[in-house]
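Hello,

Here is the structure we talked about. Please open it first, then read my notes below.

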2 protein chains.
Amino acid sequence: MPAQHHIEALITMLGPKGATTDPTDIAPHIKEWRGKYFGQTSLMVMPDSTVEAAQVVRYCNEHKIALVPQGGNTGVVGGSLPGLNGRDEVLISTKRMNSNIRVDAADYSVTVDAGCTVAAIQDAAKAANRLFPLSLASEGSCTAGGVVSTNAGGVHVVRYGTTRALTIGIEAILPDGEIYDSLSSLRKNNTGYALDQLFIGAEGTLGLVTKVAFRLFPPELERRTYWLAVDSPSDALELLASARTETADRVSVFEILPHAGLELVLTHIPGTINPLSKPYPWYILMEVATSSPDSGLRTKLEEWVASNMENHLIQDGAEAQSETQAKAFWKLRESMSEAQKHGGGSIKHDIAVPVSHVPAFITEATQTLEAAYPGCRVTPFGHLGDGNLHFNVLQPENANKEEFLAHWDSMNRLVHDIVTSHKGSISAEHGIGTMKKEELARLKNPAALTTMRCIKKALDPNNIMNPGVLFL
Amino acid sequence: MPAQHHIEALITMLGPKGATTDPTDIAPHIKEWRGKYFGQTSLMVMPDSTVEAAQVVRYCNEHKIALVPQGGNTGVVGGSLPGLNGRDEVLISTKRMNSNIRVDAADYSVTVDAGCTVAAIQDAAKAANRLFPLSLASEGSCTAGGVVSTNAGGVHVVRYGTTRALTIGIEAILPDGEIYDSLSSLRKNNTGYALDQLFIGAEGTLGLVTKVAFRLFPPELERRTYWLAVDSPSDALELLASARTETADRVSVFEILPHAGLELVLTHIPGTINPLSKPYPWYILMEVATSSPDSGLRTKLEEWVASNMENHLIQDGAEAQSETQAKAFWKLRESMSEAQKHGGGSIKHDIAVPVSHVPAFITEATQTLEAAYPGCRVTPFGHLGDGNLHFNVLQPENANKEEFLAHWDSMNRLVHDIVTSHKGSISAEHGIGTMKKEELARLKNPAALTTMRCIKKALDPNNIMNPGVLFL
């Protein structure tokens with residue numbers, strides 16, 4: 001732990017509201033929410049302004065005290081917990097920097113403090129008749145600073161992009177305590193290196209994000225939700241490509257689920273209903289939305305469904321006839337992770353390949369895994385629209401759960417090798433954190449890895465910003 | 001110039017097609033197309049592959065020989081010319097790396113060699129029923145590597161973003177000659193720092209871009225072009241915000257022109273016609289496009305125009321009734337620069353402010369300039385949809401052109417100060433190059449500037465990649 005006089009200096013600097021050593025206050029901040037990672041720290045600081053945050057970082061840099069930034073603590077890769085593996089780190093939380101959400105409706109932008117939750121930003125945008133399209137399960141807790149630092153994705157990436165595409169300005173504290181100010185809602189700016197972009201997805205290793213300007217969009221005033229049955233991922237891909245053109249690029253959700261996954265949901269999750277009368281190999285949850293209602297979208301979609309049933313790309317399908325029915329379709333998708341728990345142990349992969357490679361990737365990875373782990377049940381699902389699958393592999397029926405889960409790392413390597421051969425990503429959504437440092441070192445383009453280290457060393461020579469993540 | 005034995009070594013390495021010292025071959029590559037900058041070099045190298053390019057860069061790094069990368073040589077800020085200010089630099093052209101354009105229609109992506117022109121990429125996309133939306137005056141000559149290195153914009157940014165938004169993968173040669181390979185059409189990837197983003201807009205100072213993967217979009221199969229008269233930029237802004245929502249975000253062009261600018265066009269450019277019967281203070285050229293024709297867009301737009309004429313945001317307007325008429329509207333916009341030449345000397349600014357700040361910025365900058373330079377004619381026009389104006393200032397009628405143009409730097413500083421007070425950009429489209437290094441040093445956030453230098457030094461310690469640009 002940092003020397004007692006440093007702890008005292010930081011408490012004096014920030015006052016009683018801005019720093020705590022009380023284990024009860026600290027407890028919820030050092031535990032990963034699923035209970036997979038447990039950290040430790042003797043001090044949590046909670047600056048309430050950019051200036052205070054800068055003072056903290058400057059002091060810590062001068063005294064070589066490591067800092068771990070934390071937003072809503074909703075990550076799953078051990079990226080925002082201090083003291084993992086016995087490291088000596090102070091937790092810096094943005095929880096008190098959450099009072100400003102300024103929507104500029106004419107500008108289609110919103111400027112927020114790093115500690116504001118995604119849900120609060122969504123609400124503020126909605127109140128101004130605008131859409132903040134970032135939408136993910138943790139939106140009630142995760143923060144602007146957190147989604148920027150991890151480049152969060154969610155279900156609307158196919159249409160609106162990841163957090164990177166939504167972010168148009170950043171203020172951050174650099175590792176030396178200087179304030180990097182590029183906080184503006186500018187749409188065009190060619191004045192040197194895109195440093196904003198470097199902070200996005202850096203997992204807090206290059207500085208502490210304190211304020212963010214995000215892009216907003218016209219509201220989704222008409223939304224059509226479909227549950228479609230298809231024969232194969234390859235047919236699904238063809239439908240996605242055609243839907244993008246036919247709907248004037250208004251596909252905002254395009255998720256794929258395998259039959260076996262749906263079966264688990266229908267069996268184990270109360271209140272779920274099969275929208276179709278018989279089983280099919282694969283299902284798609286598609287949403288198309290527009291800010292311009294009653295402008296012929298429904299007719300277009302009806303024609304699109306009809307013509308694709310005629311050419312046998314769609315085997316069967318249902319359009320949600322009400323908000324309630326749309327929610328019922330969504331429940332099938334959202335229950336996938338929960339339902340799989342009833343199938344026993346499950347080894348997970350958060351991967352992406354180019355969208356057009358998804359069918360080949362699924363075939364190749366499934367064959368490889370079924371050969372290597374006989375009886376395992378490959379159950380990939382997720383964001384086909386982004387080439388991003390939750391590539392989950394269930395244990396064989398009646399196998400021993402612990403024995404199966406012991407294959408976690410070796411199976412990950414097998415899958416990641418295939419991903420890499422498709423020029424894919426071994427972490428599409430959740431980042432590297434502590435969890436995937438070895439795999440990153442093994443698979444990342446060596447020149448890219450060297451460049452990353454080089455930048456980290458140049459900007460943070462004392463290695464004080466989240467030193468335990470990304471790099472081995 | 002580099003020592004003769006280095007020149008010979010590079011010629012031996014690349015063969016006669018890959019290197020030249022012939023002044024006639026070199027001539028077109030050392031002159032800026034408007035004749036504003038003249039460079040010099042004793043050697044131009046033209047590798048025809050990534051491997052060859054890497055060999056060149058590695059050799060030059062080992063021997064501390066500076067390289068200036070060049071694509072189509074269409075830039076206007078002296079960013080791609082070797083030997084400016086007597087510097088000793090070898091020109092490295094990507095002109096021979098232009099054979100591969102691979103469209104993946106299902107993936108909505110295209111992967112190209114750095115030397116391919118934007119027009120060639122547009123054509124290849126179109127042939128596959130896709131849209132590559134980057135569109136700018138120099139598209140017949142400018143290259144993939146060039147538009148990435150300068151983060152080119154153009155007229156469709158309001159809908160599709162700048163080159164940054166279109167770029168999804170990059171291959172580049174790092175300053176030490178290593179090959180950075182992130183060439184993939186991945187939509188989601190959270191595996192460390194966004195190094196691709198660092199190359200975009202770096203003006204060749206961090207490496208040589210050799211291949212690029214770009215995003216494609218559904219084709220624009222129905223396009224509606226409007227010429228609208230408005231009272232003020234503030235009314236124009238309100239119309240833009242409403243058009244985005246009412247058209248389901250399908251506004252792909254939104255350009256503003258002042259009355260005085262149109263007058264110059266109508267007076268001096270043969271074949272131009274005023275689409276409206278009487279003059280108004282400001283005009284808008286708007287285009288709305290969709291990949292889903294006959295889906296009610298026309299009706300929606302008719303209603304939108306009618307209701308905005310009723311509430312007096314639109315004073316008068318015309319919809320192009322044919323492709324010919326649409327071209328005539330475009331000619332008015334595209335002739336603005338040419339027409340202004342007939343008004344005498346003109347001092348230019350390539351600036352952007354947040355979209356919602358445009359009206360206040362125009363008022364403030366106009367008042368300041370009219371006070372400082374009595375009689376000057378402020379004639380801003382351009383991409384209101386992106387907050388990016390060609391903020392041109394014409395000399396007073398009958399003034400001496402040279403005397404007026406002598407105010408270039410001092411007027412730039414005045415305007416740039418106002419831009420900066422709006423958190424705007426002093427180079428929205430064209431980059432810094434050699435031209436704006438002083439202004440960048442004067443106005444960029446100091447922490448950002450320090451960080452830029454720090455990254456440059458870390459990645460290019462021998463300062464061999466385009467050393468004359470960006471930094472003083």
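**Helix H9 and helix H11 in chain A**

In chain A, helix H9 (residues 233-246) packs against helix H11 (residues 297-310) at an angle of about 150 degrees, and their axes are 11 Å apart. Angles over 145 degrees count as roughly antiparallel. H9(A) is therefore roughly antiparallel to H11(A). The crossing of H9(A) past H11(A) is right-handed. H9(A) brings A:Leu239, A:Ser242, A:Ala243 and A:Glu246 to the contact, and H11(A) brings A:Lys300, A:Trp304 and A:Asn308. By class, this contact of H9(A) with H11(A) holds three nonpolar, two polar and two charged residues.

Please keep in mind that this is a predicted model.

**Domains of chain A**

Chain A splits into domain 1 (101-215), domain 2 (222-270 + 281-331) and domain 3 (343-428). Note that domain 2 is written as two stretches, 222-270 and 281-331. How far apart are the C-alpha centres of domain 1 of chain A and domain 3 of chain A? They lie 31 Å apart.

**Helix H1 and helix H3 in chain B**

Now look at chain B. Helix H1 (residues 4-14) and helix H3 (residues 50-62) of chain B have axes that come within 10 Å and cross at roughly 165 degrees. That angle makes H1(B) roughly antiparallel to H3(B). H1(B) also passes H3(B) in a right-handed crossing. On the H1(B) side, the contact uses B:His5, B:His6, B:Ala9, B:Leu10, B:Met13 and B:Leu14. On the H3(B) side, it uses B:Glu52, B:Gln55, B:Val56, B:Tyr59 and B:Cys60. The contact of H1(B) with H3(B) has seven nonpolar residues, three polar and one charged.

**How the two chains relate**

Two copies of a chain are related by a rotation about an axis and a shift along it. Which surface do the copies meet through? The copies meet through the same surface, because 100% of the interface residues of chain A are also interface residues in chain B.

**Helix H18 from each chain**

One helix pair joins residues from both chains. Helix H18 (residues 446-459) of chain A packs with helix H18 (residues 446-459) of chain B at about 135 degrees, with the axes 9 Å apart. H18(A) and H18(B) are therefore oblique to each other. Their crossing is right-handed. In H18(A), the contact residues are A:Thr451, A:Cys454, A:Ile455, A:Ala458 and A:Leu459. They meet B:Thr451, B:Cys454, B:Ile455, B:Ala458 and B:Leu459 in H18(B). The contact of H18(A) with H18(B) has eight nonpolar residues, two polar and no charged.

Best wishes

Definitions and conventions: Residues are numbered from 1 along each chain as its sequence is written. Chains are lettered from A and ligands numbered from 1 in the order in which they are written. This is a predicted model: local features need pLDDT of at least 70, side-chain atom pairs count only at pLDDT 80 or more; totals for chains, interfaces and linings use all residues. Side-chain values use heavy atoms; hydrogens and water are left out. Contact means heavy atoms within 4.5 Å. Domain bounds come from an automatic or database domain assignment. Axes are lines fitted to C-alpha atoms, for helices over the stretch in contact, and angles run from 0 to 180 degrees between N-to-C directions. Helices (H or I, at least four residues) and strands (E, at least two) are DSSP runs, numbered from the N terminus. Angles under 35 degrees count as roughly parallel, over 145 as roughly antiparallel, 65 to 115 as roughly perpendicular and the rest as oblique. A crossing is left-handed if the near helix is turned anticlockwise from the far one by less than a right angle, and right-handed if clockwise. Ala, Val, Leu, Ile, Met, Phe, Trp, Tyr, Cys and Pro count as nonpolar, Asp, Glu, Lys and Arg as charged, and the others, Gly among them, as polar.
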